[in-house]
Amino acid sequence: MSARVGALCGHFEDIEQQRGAERLGMWMFLATEILFFAGVFLAYTVYRLWYPKDFAAVSSLLNVTIAGINSVFLLTSSMTITFAIRACQTGNNAALRKLLLATALLGAAFMALKAYEYATDYHEGLVPWSNNFGHETLHGHDKPMLDVWEHDGVSPDRVKIFLFFYYSMTGIHGIHLIIGIGVVLYLYVRAVRKTLTPDKYVALETTSLYWHLVDAIWLFIMPLLYLAGPHTVHQLGF
Amino acid sequence: MSTDYGHTAKSGASLDHHDSHPHGHAPSYLHDGYGWRSWLFTVDHKRIGIMYLVMILAFFLVGGVLAGLVRFNLVSPTGALVDNDTYNKLFTAHGVVMLFFVLIPSIPGVMGNFFVPIMIGAKDMAFPKLNLASWYVWMAGSGFAVWAILAGGIDTGWTLYPPYSSRSSHSNVVPGAMGVFVAGFSSIMTGLNIIITVHRMRAPGMTWGRLPLFIWATYATSLIQVLATPVLAIAVFLLMIETATGWTGNPVGIFDPAIGGDPILFQHLFWFYSHPAVYIMILPGMGVISEILTCFSRKNIFGYQAIAWSSVGIAVVGFIVWAHHMFVAGISYYAALLFSLLSMLVAVPSAIKVFNWTSTLYRGSITFQAPMVFALGFMVLFTIGGVTGLFLATLGTDIHLHDTYFVVAHFHFVMVGGMVLAFMAALHFWWPKMTGVMYSDFWSRTAAITIIIGYILTFMPQFYLGYHGMPRRYPNYPPEFRVFNVLSTAGYTVQLAGFLMSASYLLVSLFNGKKAGPNPWGATGLEWAIPSPPITHNFDKTPVVVAAPYEYSLNLTQTGEKADVR
Amino acid sequence: MILQTTIFPEQATEMAWHIDLLFWFITIVTTAVSLGIYAAVFGFCVVYRRKEGEAVQTPRIVGSHRLELLWTIAPLAVFLVMFAWGAWVYNMAMHAPDDVPEVYVVGKQWMWKVQYPGGQRVILGANSADYAKDIGGEAQFEGVMVLPVGKPVKVIVTSEDVIHDFGIPAFRSKIDAVPGRYVTTWYKPTKTGEYHIFCDQYCGTNHSLMVGKVRVVEQAEYEAWLEGTYKTGPGKNSVDGSLAHQGRQLFMKLNCIQCHNGEAPRAPLLEDVHKSLRPFKGGTTAFADENYLRESIRKPRAKVREGWDPIMPAYGTTGDNALSEDDLVKVIAYIKSLRKGETPNLTQNWVPPIGSDTGPAAEDAKTPAGPKSAAEEKK
């Protein structure tokens, strides 16, 4: 940015114009993200309408506990980042730093738990392109999942389609979250260096809009994927 | 006809406090810093526009060479140059390069970036750094595409349909698709920038109703870029994952019929973007035509509201017609009915524009410099392209014409006869403003006519071929189609001559061209009220707009000065 | 013989005439309007060109609501006529009349396998790169699909691998061959002659070699060709070589009869299935067309009939119980032909077709085993 007058960039006439542009820009960007996810949500919905029984069967095998804890993490992080905006606006740098760090850490906790979840998915034979797909015996059953599905009339092929959606949707979401964590950490560094001053709160506001969107997308992904089938007490254990 | 390019005339150049000789005044954007760093790290929208221009021309050259190889191979029914596999890779590369690396970024990336801020009276785009980033992202995308080509090519066609692309092709589908994916982000960034700029950075007095039609067109284009491109991104992303799982030995994919997936779903997701994409390609060109026809007939545009709203109408309705690419793909009869009907609706705004442009010429005072020749060529060729679209939107005839050379001819008419000609028109119109020099009037008009004639010779025979059933993407064909294929290839050489001519005189002008003043064409837009080339911040003082665009009949520029009417 | 090309391509079916009429209507209308526009544009350019030394003063004309209305409504009206006419033609082209002989076409890279109801098989395409040398001549495997003039025929198309398209320009027909489903179209050839068949959806290296010819002949010549290609006997389900009979063979050989019989049924009888409404467990129903039959065989647990258990094994393209696309088409043809009371008895042997080698296969059939499930196989 050139020719700074406080937070004002040189090509803008006044600060109001700049803030208006930044906010509108972020909302437009969110529109693109919504359309991006809409494509895969639509595809998922089509297949879920075609293969409800198979999707319900494999959805019941997903770890709804981890998903629940992760949802709490993200919702809380949305709260902390909102409070961070206020802290920035009022010049409370100590609170700003803590809240930004908390947001980033909650996001990181989500990713850590997700990584753990992916690892257990692999060990449970729920990775459709791996060689041990369906060969594990999971909680609540007495034979490998492929046999259970055979018995229940669930098609392993359609299970693979569900899992493809599971990994691609949570994977894309995870990538978006990692980018968000990166931006929040960058803002944290600026807060530490005291260059995130009250007149530059709009940067934080636009970041929080992005963060809320990532959270909102998770709130759609979670029920679609994890709650498509019945869950029993058996899946509460890790 | 007067060829004084307004160097001495001062009327209409009220904001021209600096001429292009920097004697202690602010330097032009070309001279504001030298060296590769000042270009590669610039945030000046004009320099970024020039960087886009250089790369667009480079990619156009690559795409044109690929086209030549395709056409020359088709001279013989058994393939004159290359084997089938190589041919398939050539036409795929031609499509990918021309669509994603030339047509889509062309006018928005070059003239959009350069002129949108100036035409609305702003100092730069809303997000200059995002603008620079969009260029780099585009380059990154092209890096992937080049990698795919150098690694042996990709042979799926630019449409990437599974299951062929994911399970059967075994060519460089992932890097090729990655190139498209990444380039898409550049398109989104440019579109977003333009939308915010037009919304928030208009100069005082520049109301929506006074915006030049080029801005309306580019704005509508940007809406499509922002909303449609993400859907291509997800389609291509899912395809890439599906293809990659094939490498593990346990292929999984949602488009793979072997496990209950549906390849038609990919087609829906793909065309949901790719149909609006063709409107991304043509709308900016239509905006340019409005600018040029008014200037070179010295008349108001006929039906400003109609043309402005039709741009928005094309953008909106363009989103709901995608399945007209799939009438024989296995969609239901009722879906086909719906999409055919909607496709008829989207044809109406384009027709409205053509009628309005024609009426603009009525009782004008018309001159025929190169921009006008290109614009008139656009009128002829785009009309043919547009009406041949009707054959394809009509269900009965589409059965016969789908996937034949009729389709190839149709889309080349709108994309080359339409968009490329519009790009050339824009380039020739704004060249003096961007570079500060003027090119040869004689050679530019000759080149324009050559290109138009070459174009007609290349693509008219293809309508015949398509109606007779010659399928597209065929390196081998029955011998009775040979004559028309040879004619078509002959046309290519004529076009090639025309484009080389253009490249030559434009290049020569950079070294030897007459210096151009601020308003060589005597046009009314804000961009003609500043020096040629402009200073970095475009305007010394924020301009105040008092008039609608195109008030040639009143001899009035948008800032209230006399238009330089010669 | 392939006729020389002229301005108008061959019209070899009823549909071709309809489509051509529509095509020329659109051509004439659009050409007329385009020429009008060109006349205006170039007329204005000539009349209103700037003359040397003339003062430049143009009238300030900004528009006309009346004209805008006119050239919005008039084109829309014309386009809607095109739409309606096109939809009517499309409806005719896509919806085959009832009770029309069915020919199955299976596309695969890079050939078409055409199977007639009487069991005749033709391979189109499979042209090697050598074909490129003598294109237009008699290339190695370029088969010819023969059809009788004046008789409608329905074509049911699918693909074994990627998306292809079965296109016959002289018939003005094309339909995508999509793997995993059947799509249908139909023709009634009206003119004898030989016409191109092309693959009209890009499918890889030899997409342009996946071509053949269709020869339309008089009825007598058609019957002679059928006999010459593959001799059949009278009727269906009796010992003849038809597609339905070959399907019956497979029905017995693959042990479908073990469950789908009348004496000790473990599965519904398959009589009069085609075009009926099937009720399923869970309350849904479906209309039984080729795609339903295909799914029931390939993935039987997807839709289970009300009142029956999900015990049918899947017949995929690989593994145990493998059933190729060509054979699946035969089984489907058989089921479609099965009328009330025609289900074979459990004890009826698998009878080999005329002229086939009655070797070990016949031995197999004498001791019918139960259907094998994947789980049982593992034990």
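A residue is called buried here if 20 or more other C-beta atoms lie within 10 Å of its own, exposed if 12 or fewer do, and partly exposed in between, with C-beta atoms placed from the backbone. These legends go with a predicted model, in which local features need pLDDT of at least 70, side-chain atom pairs count only at pLDDT 80 or more, and totals for chains, interfaces and linings use all residues. Residues are numbered from 1 along each chain as its sequence is written, while chains are lettered from A and ligands numbered from 1 in the order in which they are written.

**View 1. Chain C as a whole: eight helices and twelve strands.** Helices (H or I, at least four residues) and strands (E, at least two) are DSSP runs, numbered from the N terminus. Chain C has 379 residues, and 37% of them count as buried. Two residues are in contact if their C-beta atoms, placed from the backbone, lie within 7 Å. Take the contacts in chain C with a separation of 6 or more, and 65% of them come from residues 24 or more positions apart.

**View 2. The side of chain B that touches chain C.** Here 76 residues of chain B meet 75 residues of chain C. The elements of chain B that give two or more residues to this side are H3, H5 (164-168), H8 (263-297), H9 (304-317), H10 (333-361), H11 (370-393) and H12 (395-401). H10(B) gives the most, with 14 residues. For the classes, Ala, Val, Leu, Ile, Met, Phe, Trp, Tyr, Cys and Pro count as nonpolar, Asp, Glu, Lys and Arg as charged, and the others, Gly among them, as polar. Sorted that way, chain B's side has 45 nonpolar, 24 polar and seven charged residues.

**View 3. Where chain C touches chain A.** Seven residues from chain C and four residues from chain A make up this contact. On the chain C side, five are nonpolar, none polar and two charged.

**View 4. H6 against H7 in chain B.** H6(B) (residues 173-200) and H7(B) (residues 213-245) pack at an angle of about 155°, with their axes 7 Å apart. Axes are lines fitted to C-alpha atoms, for helices over the stretch in contact, and angles run from 0 to 180 degrees between N-to-C directions. Angles under 35 degrees count as roughly parallel, over 145 as roughly antiparallel, 65 to 115 as roughly perpendicular and the rest as oblique. So H6(B) and H7(B) are roughly antiparallel to each other. Their crossing is left-handed, a label used if the near helix is turned anticlockwise from the far one by less than a right angle (right-handed if clockwise). The contact of H6(B) with H7(B) brings together 23 nonpolar, nine polar and no charged residues.

**View 5. H9 against H10 in chain B.** The axes of H9(B) and H10(B) cross at roughly 155° and come within 9 Å, and the two helices are therefore roughly antiparallel to each other. This crossing is left-handed too. From H9(B), the residues that meet H10(B) include B:Ala306, B:Ile307, B:Gly313 and B:Val317; among those they face in H10(B) are B:Leu342, B:Val346, B:Pro349 and B:Lys353. By class, this contact has nine nonpolar, four polar and one charged residue.

**View 6. H4 of chain B and the glycine after it.** The expected span of a helix is 1.5 Å times one less than its number of residues. For the 23 residues of H4(B) (residues 128-150) that comes to 33 Å, and the end C-alpha atoms are 33 Å apart, so the two agree. B:Gly152, which follows H4(B), has a positive phi near 120°.

**View 7. Prolines of chain B.** B:Pro77 sits in the loop between H2 (45-73) and H3 (84-120), and counts as buried because 20 C-beta neighbours lie inside 10 Å. B:Pro77 and B:Arg482 are 405 residues apart in sequence, yet 6.4 Å apart in space, C-alpha to C-alpha. In the loop between H4 and H5 lies B:Pro163, joined to B:Pro162 by a cis peptide bond with omega about -5°. B:Ser532 and B:Pro533 are also joined by a cis peptide bond, with omega about -5°; B:Pro533 lies in the segment after strand S2 (514-515).

**View 8. Positive phi in residues other than glycine.** B:Arg363 has phi near 60° and lies in the loop between H10 and H11 of chain B. With 16 other C-beta atoms within 10 Å, B:Arg363 is partly exposed. In chain C, phi of C:Asn255 is near 70°, in the loop between H4 (243-253) and strand S11 (277-279). C:Asn255 counts as partly exposed, with 18 C-beta neighbours inside 10 Å.
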